[in-house]
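Here is a short briefing for a first look at this structure. Keep the sequence and the 3D view open as you read.

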Amino acid sequence: MSGKDKQPGWYLSLAMPNVRGPAYAWLDPSPIYLNPEAMQDCVADMIRPFDHSEIDLVAGIDGTGFVLGSAIAYHLKKGFLMIRKAGHLAVDVTTVEYTDYQKKQKSLEMRQNPFPPGTRVLVVDQWIETGGTMWAAVNLIEKAGGKVAGIATICMEEMEGAMKLKMQYDVVHCVPNEELQKQVNDHYLESFKNFEK
Ligand SMILES: O=P(O)(O)OC[C@H]1O[C@H](OP(=O)(O)OP(=O)(O)O)[C@H](O)[C@@H]1O
Ligand SMILES: Nc1ncnc2[nH]cnc12
């Protein structure tokens, strides 16, 4: 596709609907990562609004937040901090409990003292639905003395916890207009029709 034919957020139409039932997220954005142009455009949209000189470190949330987070860190020439689901880090950790869209009690962990106090951290995840996961990550960074320089994600649904993030932090996402935001909030994209058999 040539640059002038591309609509903002065009790559969101590559995301596929959930066909595996209510235990899973309602949509799978991973086809965006499979398409080189989509991946490039998505990463560019996630970082464009930030003043890059105000970011010291990029943090990504286990597991799909690692995909975009590490791509962004590489692009910005910054280090990358893994914020992990519980039970993987073999060093001393700080832990925060949270509940996400699956309504399950979960924990995120971060290695202790990962950066000097005052470090400005861009926090990246694939998707924000209830905001539970992102709040847990933000709490870990702030407990360690970091400053949240911004939050970047493909999409933020307009749910209460997510909207509170927007009030407190610079949140950048890739949903380009209200019509698409409404589809996201309703958990049905018009583009899902392309996947109907
Ligand atoms: O806003 P919330 O309701 O907290 O949901 C958002 C989280 O859920 C998804 O991760 P998931 O646990 O499905 O794991 P994955 O990243 O490993 O796919 C998504 O990537 C976020 O991390
Ligand atoms: N990957 C994802 N897609 C859609 N909704 C989600 N909610 C949490 N993660 C999600």
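A residue is called buried when its relative accessible area is under 20%, exposed when over 50%, and partly exposed in between (1.4 Å probe, protein chains only). This is a predicted model, in which local features need pLDDT of at least 70, side-chain atom pairs count only at pLDDT 80 or more, and totals for chains, interfaces and linings use all residues. Residues are numbered from 1 along each chain as its sequence is written, chains are lettered from A and ligands numbered from 1 in the order in which they are written, and side-chain values use heavy atoms, with hydrogens and water left out.

**Helix 3**

- Helices (H or I, at least four residues) and strands (E, at least two) are DSSP runs, numbered from the N terminus.
- Helix 3 covers residues 65–76, 12 residues in total. Its first and last C-alpha atoms are 16 Å apart, close to the expected 16 Å. That expected span is 1.5 Å times one less than the number of residues.
- Gly65, Phe66, Leu68, Gly69, Ile72, Ala73 and Leu76 are the buried residues of helix 3.
- Those buried residues pack against several elements, including helix 1 (30–34), helix 2 (36–47) and strand 3 (57–61). Contact here means heavy atoms within 4.5 Å.
- Lys77 follows helix 3 and has a positive phi, near 60 degrees.

**Backbone exceptions**

- Most residues other than glycine have a negative phi, and most peptide bonds are trans.
- Asp62 and Gly63 are joined by a cis peptide bond, with omega about -10 degrees. Gly63 sits in the loop between strand 3 and helix 3.
- Lys103 has a positive phi, near 60 degrees. This residue lies in the loop between strand 5 (93–99) and strand 6 (105–111). Lys103 counts as exposed because its relative accessibility is 73%.
- His187 also has a positive phi near 60 degrees. It lies in the segment after helix 6. His187 counts as partly exposed, at 30% relative accessibility.

**Cavity and pockets**

- On a 1 Å grid over the protein atoms alone, a cavity is a set of points where a 1.4 Å probe fits but cannot get out. A pocket is an open set with protein on both sides within 12 Å along at least five of seven lines. Lining residues have an atom within 4 Å of a point.
- Grid points are joined across faces, edges and corners, and a volume is the space filled by probe spheres set on the points.
- The whole structure has 1 cavity of 30 Å³ or more. The largest cavity holds about 60 Å³.
- Its lining includes Leu12, Trp127, Cys155 and Leu189. The lining residues are 12 nonpolar, no polar and no charged. Nonpolar means Ala, Val, Leu, Ile, Met, Phe, Trp, Tyr, Cys and Pro; charged means Asp, Glu, Lys and Arg; the others, Gly among them, are polar.
- The largest pocket has a volume of about 790 Å³. It has 37 lining residues, with Ala25, Leu27, Thr64, Tyr101 and Gln126 closest to its centre. The lining has 17 nonpolar, 9 polar and 11 charged residues.
- The second largest pocket has a volume of about 200 Å³. Strand 8 gives the largest share of its lining, 3 residues.

**Cysteines**

- The structure holds 0 disulfides, a disulfide being a pair of cysteine sulfur atoms within 2.5 Å.
- For Cys42, the nearest cysteine sulfur is that of Cys174, 4.2 Å away. Cys42 is buried, at 0% relative accessibility.
- Cys155 has its closest cysteine sulfur in Cys174, at 8.6 Å, too far for a bond.
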